[in-house]
Amino acid sequence: MKQETYDSVIIGAGPAGLTAGIYASRARMKVLLLESYIVMGQATMTDMIENYPGVIKSSGFDLIDILKKQAETFGLECRPGTVKNVLLQDGSWNVEDESGVYQTHSVIVATGACSKKLNIPGETEFLGKGVSYCATCDGAFFRDKDIIVVGGGDTAVEEALFLTRFGKKVTVVHRRNSLRAAKILQERAFANKKIEFIWQSKIKTINGSQKVESVSVENIETGKIQDVACEGVFIFVGWQPNTGFLKGTVNLDEKGGILTDSAMNTSGKGMFAAGDCRKKLLHQVVTACGDGAVAAYSAGQYVDELKGIVYK
Ligand code: NAP
């Protein structure tokens, strides 16, 4: 039996994809959302979100769960699927995941971003044996232990604060002598007695035998190297857009961010992008949701035009 063509396939179930799903379902588009269970989204991994308007405080997991339930009340069809390939063929898109190929008039890419690596000795070897990129997932394993956090942005500082619930001490190693994180997070971190800082420094190696036992930290100014004993190393040095599967399909920036206009059009006709997978100024849940709404609206207009539907 020939598969019916979707109006839109949304790739990704973070704030951008789910908001696109809410808008597209309410517009009564025939829409499918593919959700990868391999990649855990940035919002889901966040312990506490307190700057999403209208929600005073929520864990990232709970916020995503509510968004998904909200989208499903409007009839959004969600399926597990990790997309490997997206191809434009005879005017429609073929979206391929592990279970098959979906044909669709439009695609909304909302695949988010994954943690950047330091690419230093010990990082891969000790993954799951002390090295982590997710405090919410792994923090509790480090009760009363010494923890190192790498980075100086919102994620590093927010997660360092979270890790003080468990760790004996949390030492933030940052390559400059001031933090990039929002001032309110800085104030909390500086006031927290469990948090210490090692400034203008980078981690050269993560050391141990069976699991992490220490890190070698180099002062960038003096070149002096010190060994700091620890059992956990949490790395929060930014994010990399999950766009590898697009392989030359649309224009990306040098970091892999999808280039879009303000209507979320990519360089591919009928392909839209939303959230952290696109090149943008401010990576937040609220801007991801805004992108998702715009992308669904634009996809709807594109599909109507394709079908020759004119509103008077
Ligand atoms: P980010 O803002 O890009 O910060 C990355 C941090 O890691 C920076 O301090 C950077 O140092 C450092 N860094 C980068 N590469 C490094 C390397 N190779 N070695 C050592 N340090 C390195 O990333 P983020 O903190 O994950 O935030 C990403 C986006 O999500 C931001 O837009 C942020 O606002 C947003 N976010 C928001 C919230 C919130 O609103 N509560 C929470 C989490 C994330 P430099 O400072 O020297 O560049």
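## Exercises on salt bridges and helix packing

In this predicted model, Lys204 and Glu218 form a salt bridge whose closest N and O atoms are 3.8 Å apart.

**Exercise 1.** State which elements hold Lys204 and Glu218, and classify each residue by accessibility.

*Solution.* 
- Step 1. Lys204 belongs to strand 12 (residues 201-208) and Glu218 to strand 13 (residues 212-219), so the bridge ties together parts 14 residues apart in sequence.
- Step 2. The relative accessible area of Lys204 is 37%. Partly exposed covers values between under 20% (buried) and over 50% (exposed), so Lys204 is partly exposed.
- Step 3. Glu218 has a relative accessible area of 16%. Because buried means under 20%, Glu218 is buried.

**Exercise 2.** Locate the partners of the salt bridge between Asp47 and Arg165, and decide whether each is buried or exposed.

*Solution.* 
- Step 1. The closest N and O atoms of Asp47 and Arg165 are 3.1 Å apart.
- Step 2. Asp47 sits in the loop between strand 2 (31-35) and helix 2, and Arg165 in the loop between helix 4 (154-163) and strand 10 (169-173); the pair therefore ties together parts that are 118 residues apart in sequence.
- Step 3. Asp47, at 14% relative accessibility, is buried, whereas Arg165, at 52%, is exposed.

**Exercise 3.** Characterise the packing of helix 1 on helix 2 by orientation, crossing and contact residues.

*Solution.* 
- Step 1. Helix 1 (residues 15-26) and helix 2 (residues 60-73) pack at an angle of about 20°, and their axes are 9 Å apart.
- Step 2. Angles under 35 degrees count as roughly parallel, and the two helices are therefore roughly parallel to each other.
- Step 3. The crossing of helix 1 past helix 2 is left-handed.
- Step 4. On helix 1 the contact involves Pro15, Leu18, Thr19, Ile22 and Ser25; on helix 2 it involves Ile64, Leu67, Lys68, Gln70 and Ala71.
- Step 5. Sorted by class, the contact has six nonpolar residues, three polar and one charged.

Key:
Residues numbered from 1 in each chain as written. Predicted model: local features only at pLDDT ≥ 70, side-chain atom pairs only at ≥ 80, totals over all residues. Heavy atoms only, no water. Axes fitted to C-alpha atoms, helices over the stretch in contact; angles between N-to-C directions. Helix = DSSP H or I, 4+ residues; strand = E, 2+ residues; numbered from the N terminus. Parallel < 35°, antiparallel > 145°, perpendicular 65-115°, else oblique. Left-handed = near helix turned anticlockwise from the far one by under 90°. Contact = heavy atoms within 4.5 Å. Nonpolar A, V, L, I, M, F, W, Y, C, P; charged D, E, K, R; others polar. Salt bridge = Lys/Arg side-chain N within 4 Å of Asp/Glu carboxyl O. Buried < 20%, exposed > 50% of the residue type's maximum accessible area, 1.4 Å probe, protein only.
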